[in-house]
Amino acid sequence: LQQAGYRTYAPQAGEWALQLSECNDAKRLPWGVSDSQSPGNYRLGNGDKSRAFAWANGPQALKPLLFAPSETLWRVNRDEKGALHFSPQPPKQEARAVIGVRPCDLAALDIHDRHFLGGHEDGYYAARRQKLFLVAVNCSHPAATCFCASTGDGPVAEQGFDLSLDELDDGFVVKAGSDSGRTLLQELSLIEASAAQQEAVSKQQHHAADIQQRTMPSGNLQGPLFARLDHPRWQDVGERCLACGNCTSVCPTCFCHSEQERPALDGGSSEHVREWDSCFTPGHSYLHGKVLRESIPQRYRQWLTHKGGSWNEQYGRSGCVGCGRCITWCPVGIDITEEVHSLLGTQAGGKP
């Protein structure tokens with residue numbers, strides 16, 4: 001990938017979590033690392049040293065690489081005569097390759113493509129999206145918080161990748177998903193996967209789906225959720241929620257943002273900055289001198305009914321891809337699947 005001109009990124013073990021960052025050496029992949037996840041808990045541990053992807057996910061998805069947490073959209077400068085001059089601040093365009101993309105994050109990327117590239121294209125997102133090479137890794141060790149099998153977004157990547165990998169004890173089974181992927185494969189010295197290796201891949205994929213215990217109810221939930229806007233469960237979860245925004249920060253699909261001016265102290269220039277925002281902050285619903293959603297139960301209801309309900313109207317599917325990050329990284333361990341099942345009166349756990 002580097003010889004082909006790509007700047008390579010991959011998950012690496014930090015002090016507390018797996019983090020997606022630039023990686024120039026395969027030895028820096030998280031060989032022998034495992035993770036343990038539960039509501040409000042995340043721990044790294046020791047695993048099979050022959051594997052680099054024997055874990056579920058870290059707090060990051062592809063979102064920070066494409067939809068920057070904070071970026072300057074334009075600058076304005078005042079000249080000697082007092083006239084204002086505006087200049088855009090486009091991001092640097094470069095070929096980037098990401099190794100270790102999970103299937104749920106590919107599904108999230110598809111949603112972001114529809115949002116940022118469909119209709120009115122966001123040039124900042126588009127610049128980063130171009131020349132992006134994606135190496136997916138199908139999940140073999142889902143976390144206890146994962147439920148991608150019930151949303152149809154994993155644990156196997158079906159599309160959206162250039163190459164996909166299935167990790168076995170003796171190596172990787174690789175297949176191409178794009179012309180760019182096929183071109184790169186031609187540069188590699190590969191052998192055909194044996195029947196036994198292909199069977200091992202199939203068993204591993206089925207096992208990764210079968211062991212998932214959490215589920216999201218199937219179908220379009222917009223009607224059922226909107227029919228329960230006065231359900232007492234909203235007050236219950238609102239009393240537990242801290243409105244910290246952790247869930248929206250780690251969510252691979254949340255795209256709310258705010259924009260602000262940052263003027264220089266001398267008044268000679270200013271930057272127009274876009275930053276991630278959250279529907280859990282009071283300012284998110286501020287309109288003409290009033291915060292529309294003053295209470296935490298109202299904010300949680302907005303987040304869940306939008307992501308699980310009205311996204312279907314906007315994007316033809318739910319905004320939840322079953323990655324489970326919002327469960328793991330919630331300080332008080334609120335479980336989105338538990339909340340939805342409680343609201344709808346459906347059975348939690350088991351197979352959908």
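Colleague: Which polar atom lies 2.7 Å from the backbone oxygen of G58?

Modeller: One in the side chain of R325. Keep in mind that the model is predicted.

Colleague: Is R325 buried or exposed?

Modeller: The cut-off for buried is under 20% relative accessible area. R325 has 1% relative accessibility, so R325 counts as buried.

Colleague: Where does R325 sit, and what does R325 touch?

Modeller: R325 lies in helix α11, residues 325-328. Leaving aside residues up to four places away in sequence, R325 touches N57, G58, P59, Q60, A61, D105, V250 and P252.

Colleague: Now D48. Where is D48 placed?

Modeller: In the loop between β4 (41-46) and α1 (63-66).

Colleague: How should I read a relative accessible area of 35% for D48?

Modeller: Buried is under 20% and exposed is over 50%, with partly exposed in between. At 35%, D48 is therefore partly exposed.

Colleague: What does D48 touch, and with which side chain does the side chain of D48 make a polar contact?

Modeller: D48 touches G32 and D169, not counting residues up to four places away in sequence. The polar contact is with the side chain of S50, at 2.7 Å. As for S34, 14 residues from D48 along the chain, the two C-alpha atoms are separated by 7.9 Å.

Colleague: Turn to the pockets. How is empty space found?

Modeller: Rolling a probe the size of a water molecule over the atoms shows where space is left empty. Here the largest pocket holds about 1,000 Å³ of space.

Colleague: Which residues lie nearest the centre of the largest pocket?

Modeller: L163, L165, L184, L188 and L190, out of 32 lining residues. The lining divides into 21 nonpolar, 7 polar and 4 charged residues.

Colleague: Which elements supply at least two residues each to that lining?

Modeller: β1 (7-13), β9 (163-168), β10 (171-176) and α5 (179-185). The largest share, 4 residues, comes from β10.

Colleague: How much space lies in the second largest pocket?

Modeller: About 300 Å³. That pocket is lined by 17 residues, and P103, L106, A107, D110 and Q159 are the closest to its centre.

Colleague: Which helix gives the most to the lining of the second largest pocket?

Modeller: Helix α2, residues 103-117, with 7 residues. The lining of the second largest pocket has 6 nonpolar, 4 polar and 7 charged residues.

Terms used:
Residues are numbered from 1 along each chain as its sequence is written. This is a predicted model: local features need pLDDT of at least 70, side-chain atom pairs count only at pLDDT 80 or more; totals for chains, interfaces and linings use all residues. Side-chain values use heavy atoms; hydrogens and water are left out. Buried means under 20% relative accessible area, exposed over 50%, partly exposed in between (1.4 Å probe, protein chains only). A polar contact is a pair of N or O atoms within 3.5 Å; within protein, one must be able to donate a hydrogen and the other to accept it, and residues adjacent in sequence count only if both atoms are side-chain atoms. Contact means heavy atoms within 4.5 Å. On a 1 Å grid over the protein atoms alone, a cavity is a set of points where a 1.4 Å probe fits but cannot get out, and a pocket is an open set with protein on both sides within 12 Å along at least five of seven lines; lining residues have an atom within 4 Å of a point. Grid points are joined across faces, edges and corners, and a volume is the space filled by probe spheres set on the points. Ala, Val, Leu, Ile, Met, Phe, Trp, Tyr, Cys and Pro count as nonpolar, Asp, Glu, Lys and Arg as charged, and the others, Gly among them, as polar.
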